[in-house]
Amino acid sequence: MEAVHASSVQEGLEPVQAAATVSACSAEQPEQPAPCIGTLVTSGGRGQENMCMLTYERLDSSAIVDMVVEPCCGAASVFLGTTRNSFEGKEVVRLEYEAYVPMALKELDALCQGVRELHAVHRIAVFHRLGVVPVTEASVIIAVASPHRRAAMDACAWLIDGLKVRVPIWKKEVYADEAAAWKQNPEAGVGLFPSTK
Amino acid sequence: MVVLQILLFARARELAGQPTIELSLPAVTELGEVLTLATVREALKAACPAIASLLSSTSTLLALNASYVESESTTVVKEGDEIAVIPPVSGG
């Protein structure tokens, strides 16, 4: 694994700036309508913002945490999902992610709104990377702030659990011999419609 | 006839060798039944044998207009609807 190119590191530094860069939308999937890859999707009132993004850029955890912290919050909980280097004894060299972009953004926003009914949290940021993610780099970062730690921690766990169930994003593991396999989360689709279960 | 562009993702896209499939289906069958998502699933299997087995699995979902549906057999499909084949997700 070579280090990430300097240019992508720079581009990944400021998610807020990246959101304003409309050109990112036409980078690799030109036919996607807005909201698209590289745009920050926001909802919620002041101090209760839900901020979601799908991006091809490297995710910067400290920049994402900076988006959620504010003076009234004494806690920020962060989850990073990173690319692991092995699966059942096979060497994994990279993951490749794709998404059904409009639906994934809609589902992410719905999760952010849903978690507010369970936990008293303030700002939420959910960033998921698409395209190639080398080993050790983050594919997903969730940051949640709250006045007291328990709400942020519980909300963060609930959000990643929900993401793995219902957000239409897929990863392909590519192994050292260039063989590859589409993965599926064990919890994929489980309890999508809880009222009928 | 109802013309539908079906979006394929991940394994479905790779098996089919294309990101979309166009289907033309009657809005109402000979038996007078309106077109539902369940009918679309069956028609898709016939139109694209490469993903027939994937579509036979209950863990492969069909989304309508970027939303999950609770019951495919009672979900009516009309011209202009966006349908997507959603293999088991693996985000995170």
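## Briefing: chain B and strand β6 of chain A

The model is predicted: local features need pLDDT of at least 70, side-chain atom pairs count only at pLDDT 80 or more, and totals for chains, interfaces and linings use all residues. Residues are numbered from 1 along each chain as its sequence is written, chains are lettered from A and ligands numbered from 1 in the order in which they are written, and side-chain values use heavy atoms, without hydrogens and water.

**Chain B overall**
- Chain B holds three helices and five strands.
- Its C-alpha atoms fill a box of roughly 40 × 25 × 20 Å along the principal axes.
- Of its 92 residues, 50% are buried (under 20% relative accessible area, 1.4 Å probe, protein chains only; exposed is over 50%, partly exposed in between).

**Strand β6 of chain A**
- All six residues of β6(A), residues 124-129, are buried.
- Ile124(A), Val126(A) and His128(A) point one way, and Ala125(A), Phe127(A) and Arg129(A) the other.

**Neighbouring strands in chain A**
- Strand β2(A), residues 50-55, runs parallel to β6(A) and is joined to it by six bridges; pairing requires at least two DSSP bridges.
- Asn50(A) stands opposite Ile124(A).
- Strand β8(A), residues 138-146, runs antiparallel to β6(A), with five bridges.
- Ile142(A) in β8(A) is the bridge partner of Val126(A).

Key. Helices (H or I, at least four residues) and strands (E, at least two) are DSSP runs, numbered from the N terminus.
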